[in-house]
Structure formats: C-alpha cells, structure tokens
Amino acid sequence: ITNRYIYDSVLLLANTFHKKLEDRKWHSMASLSCIRKTSKPWQGGKSMLDTVKKFGVSGLTSFLEFTDNGTNPNIFFEILGTNYGEDRGRGVSRLATWDPVHGLNGTLSDRKLENNMRGVVLRVVTVLEEPFVMVSENVLGKPKKYQGFSIDVLDALANYLGFKYEIFVAPDHKYGSLQPDGMWNGLMGELVFKRADVGLSAVTITPEREGAVDFTTRYMDYSVGVLLRKAERTVDMFACLAPFDLSLWACIAGTVLLVGILVYLLNWLNPPRLPMGAVSSTTLYNSMWFVYGSFVQQGGEVPYTTLATRMMMGVWWMFALIVISSYTANLAAFLTITRIENSIQSLQDLSRQTDLPYGTVLDSAVYDQVRSKAMNPFERDPMYSQMWRMINRTGDNNVDESKEGIRKVKYGHFGFVWDAAVLEYVAVNDEDCSFYTVASNAPDRGYGIAMQHGSPYRDVFSQ
C-alpha cells in the first residue's frame with residue numbers, strides 16, 4: 001500500500017509541474033538552495049499547492065485529489081479478519097469498511113479462537129520419518145497409532161487447546177515439491193488442495209513452501225548432516241607386527257643373519273683360547289642362536305672371548321636396544337587407539353573429496369537447499385557448489401526416499417546427505433553401531449507445522 005501511494009504522489013507532483021508549465025506561470029527555483037539555511041521561501045510554493053488541490057490524477061490507489069482542507073475524499077479501506085469457525089465456513093472474511101465521508105461501516109470485533117478450540121477436529125497429514133513420526137506396534141483389529149517427537153508436540157497442543165485430530169499419511173509418502181505444471185504433490189499438495197488442515201512431520205520452513213502454505217514459528221532448529229559408515233575393525237592375528245613396516249622386519253631379519261655369519265667367521269678365523277679340557281662349539285647354528293638370543297634379550301649359550309667378536313657384539317647389543325625400545329613404544333601407542341579416525345569430519349571434508357559418492361532425496365528440501373546455495377548468485381557457497389556437482393555427477397547418487405539412502409550407506413560405498421536430526425537418531429539406534437554422522441554447526445532453518453494458507457490456527461499454535 002505504501003509503495004502505491006508513493007507512486008501516486010510522484011505522479012500527482014509531476015502532473016502539477018506540467019500544468020504550471022502549460023499555463024506559463026512557472027516560478028524560478030534559481031534562488032533555492034539546500035545548503036544555505038538563510039534561503040528565502042519559494043515564491044511558487046503557494047501557487048503549487050493551489051494547483052495540487054485544483055487538479056487530480058488517476059493513480060494506482062484510486063482517483064487522487066484533495067479538498068480545501070487537504071484531505072483525500074476517495075480513500076476506501078476494507079478491513080479483513082479471521083472471523084473463522086466450523087459454523088462460519090473456512091477463510092478470511094471482510095469485517096468492515098472505512099472511508100472519509102461515512103467513516104467506519106461494520107464492526108471490528110473478531111472472533112478469536114484464543115485457547116478454546118473444543119469441538120474442532122483437525123485433519124493432519126504426515127510423512128513417516130524417524131524420530132519425528134513413527135508407527136507404533138499395531139494391535140490386530142485396532143487403528144494405527146503414531147508416535148515420535150512431532151506427535152508429542154501435536155498431543156501437547158491438543159491437550160492445551162482442546163482440539164481433536166485425525167491423522168493420515170500422504171498418499172505418495174513425499175513432503176512435496178512444486179511440479180512443472182505449477183501444482184504441489186505430497187504433504188504440501190494435501191494442504192494446498194485443502195484435503196488436510198495441518199501438515200506435521202520433519203517439515204522444514206523454506207521460502208518456496210511459505211509461498212503456498214502458512215507455517216507456525218519453528219519448534220526445533222534444522223541443519224544438514226551426512227550419514228557415513230564406520231571403517232570396519234577386524235581382529236588381526238598379526239597385530240604385534242603392526243608397529244613396524246614389513247620392509248623394516250625384513251631388514252631386521254637380514255641383519256640377524258648377517259651378524260650371525262660374521263660372528264661365526266670371526267671365531268673360525270681366530271679361535272678363542274680356552275682352558276685345558278674346555279670344549280667350544282663354533283658352529284654356524286650356535287652363532288645364529290647366540291645373535292638371535294641377544295636380540296630378544298634372552299642372552300647366549302656359547303662364550304666368545306676374542307676382542308673382535310666382543311666389539312662386534314657390543315655394537316649389535318646397542319643396535320638391538322634401540323630397535324626394541326622403538327618397537328615397545330610403537331606397540332603401546334598402537335594398542336591404546338580406541339577410536340578410528342575417519343577422514344571425513346565435516347561437510348567441507350565431504351565436498352573436497354571425490355572417492356566417496358554421496359547424494360540425497362530427489363526433490364526434497366535438502367535437495368533444493370543444496371541447489372539454491374550452489375546456483376543462486378545471492379547466496380552462492382563454494383562448498384555447496386562442489387556438493388551439487390557430485391550429487392548430479394551420475395543418476396545413481398540420489399534416492400527416492402530416506403530409507404533407501406540409509407540402506408545404501410549400510411550395505412555399500414555411499415554417503416547420505418539428509419536432515420541431521422534424523423541421521424543422528426538412525427546412528428544411535430543402529431543395532432550394529434555401524435554409522436557415524438557429520439553435521440553442520442550453523443542451523444539456518446527450522447521445523448514448523450504447516451497449515452492451509454490463511455488458516456486462523458497458525459497464530460494460536462505459535463503462541
């Protein structure tokens with residue numbers, strides 16, 4: 001309304017200038033200045049006001065003209081209100097009208113629902129999404145019972161406001177998106193076509209949805225997350241070999257053989273002097289056994305007393321001390337690791353890598369959010385641009401429903417981008433504890449209760 005009156009005011013002013021120029025009664029503005037405070041009043045001001053009152057203009061609001069006292073007699077207002085009830089029909093009605101001549105015609109008393117909705121039965125459409133809406137175990141012959149976080153919110157509202165509700169699942173099990181023909185499907189379509197009064201599940205508030213239905217204030221924050229499969233930990237019989245690389249173990253084995261041979265050769269070329277009656281065996285087998293025993297800190301059996309042999313064994317023992325100390329430290333560190341470090345710890349890590357394919361549910365709020373932040377120049381984000389390219393790389397990355405995405409993560413090589421609250425619930429309640437989640441720390445949207453456009457229940461529910 002304000003923009004329309006501004007447009008009509010500019011149009012009226014331009015028309016007045018035009019009339020003054022036609023009558024050749026234009027007053028010069030050369031003496032006017034917005035800088036000097038001592039400038040004299042414009043001599044043509046009173047004449048301009050008289051012309052404004054004399055002539056009018058047909059604008060966007062109505063025929064704009066003024067009387068001698070400066071009022072516009074053509075102003076007409078309609079006063080609308082949510083004078084709503086089951087016995088009065090559904091929709092917004094006109095309560096009264098107002099104009100400068102006749103004043104108020106009607107009443108401003110609005111039938112407010114306040115906290116009394118007793119006798120009202122709401123039709124609630126939902127989509128099954130753990131942990132927001134779930135079907136509890138059904139007893140044979142009895143209707144389905146629903147439970148979950150959103151159902152708890154609805155029950156609390158029903159107890160406080162006094163209404164009752166009938167709940168049903170959207171026929172196509174979708175939240176709804178705008179189709180090429182301009183129509184909505186899913187939960188949103190049930191509200192748009194007035195087959196339901198309230199839409200309740202993990203429904204996020206988006207600008208596109210707000211253009212078709214009304215939302216209450218958010219009752220929980222929303223953020224995008226990723227469901228990933230933990231790296232499998234298997235029992236390894238050779239875990240004791242893990243501290244050293246295979247090539248290092250090969251070098252150590254080769255060193256034991258080499259030193260054993262050198263010890264044998266030194267004792268063979270220069271036999272030690274032994275006391276009368278003493279027997280010494282300098283076989284290659286005994287030399288190898290002595291070197292190996294000293295390496296594993298078990299000592300030896302054959303004495304070697306020559307200087308060259310003792311010098312070599314001194315260097316060997318120092319080498320063995322360093323190797324065994326390093327092995328002990330690495331083995332202790334290896335055995336105390338209790339948590340597997342996964343390479344993907346944030347959405348940024350997910351967007352930078354290309355080895356793990358990932359996707360989301362087609363035509364969902366998450367799908368639209370990633371597309372908007374990747375394509376819209378006003379909110380473009382490089383991270384979401386990379387995610388959008390990966391999601392649309394092949395036709396197999398996106399799924400039709402969230403359960404299918406969860407199955408792909410558990411039994412395949414896949415990352416599922418979806419509602420963080422739903423993914424955290426799935427990860428915590430998985431029997432095999434095979435999932436972990438990565439979520440965004442900046443929630444920019446929220447969950448709300450969707451209603452028909454113009455519904456009087458929105459403000460009551462929000463309060």
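This is a predicted model: local features need pLDDT of at least 70, side-chain atom pairs count only at pLDDT 80 or more; totals for chains, interfaces and linings use all residues.
1. Leu258, Ile261, Leu262, Leu265, Trp268, Leu269 and Leu284 together make a nonpolar surface patch of about 680 Å². Helix α6, which covers residues 246-269, gives the most to this patch, with six residues.

2. Now for α7 itself. The helix has 12 residues and spans 17 Å from its first C-alpha to its last, close to the 16 Å expected at 1.5 Å a residue. Its buried residues are Asn286, Ser287, Met288, Phe290, Val291, Gly293, Ser294 and Phe295. When you view the helix, keep in mind that an α-helix has 3.6 residues a turn, so residues three or four places apart point the same way.

3. Do have a look at what comes just after α7: glutamine 297 takes a positive phi of about 60 degrees there.

4. Finally, glutamate 424. This residue is in helix α13, residues 420-429, and is partly exposed, with a relative accessible area of 41%. Leaving aside neighbours within four places in sequence, glutamate 424 is in contact with Thr437 and Ala439. As for phenylalanine 435, it is 11 residues from glutamate 424 in sequence, and their C-alpha atoms are 9.1 Å apart in space.

How values were computed
Residues are numbered from 1 along each chain as its sequence is written. Side-chain values use heavy atoms; hydrogens and water are left out. Helices (H or I, at least four residues) and strands (E, at least two) are DSSP runs, numbered from the N terminus. Buried means under 20% relative accessible area, exposed over 50%, partly exposed in between (1.4 Å probe, protein chains only). Contact means heavy atoms within 4.5 Å. Patches are made of residues with over 30% relative accessible area and no salt bridge: like charges are joined within 9 Å, nonpolar side chains (Val, Leu, Ile, Met, Phe, Trp, Tyr) within 5 Å. Accessible areas come from the Shrake-Rupley method with a 1.4 Å probe; for residues, only the protein chains shown count as cover. A salt bridge is a side-chain nitrogen of Lys or Arg within 4 Å of a carboxyl oxygen of Asp or Glu. The expected span of a helix is 1.5 Å times one less than its number of residues.
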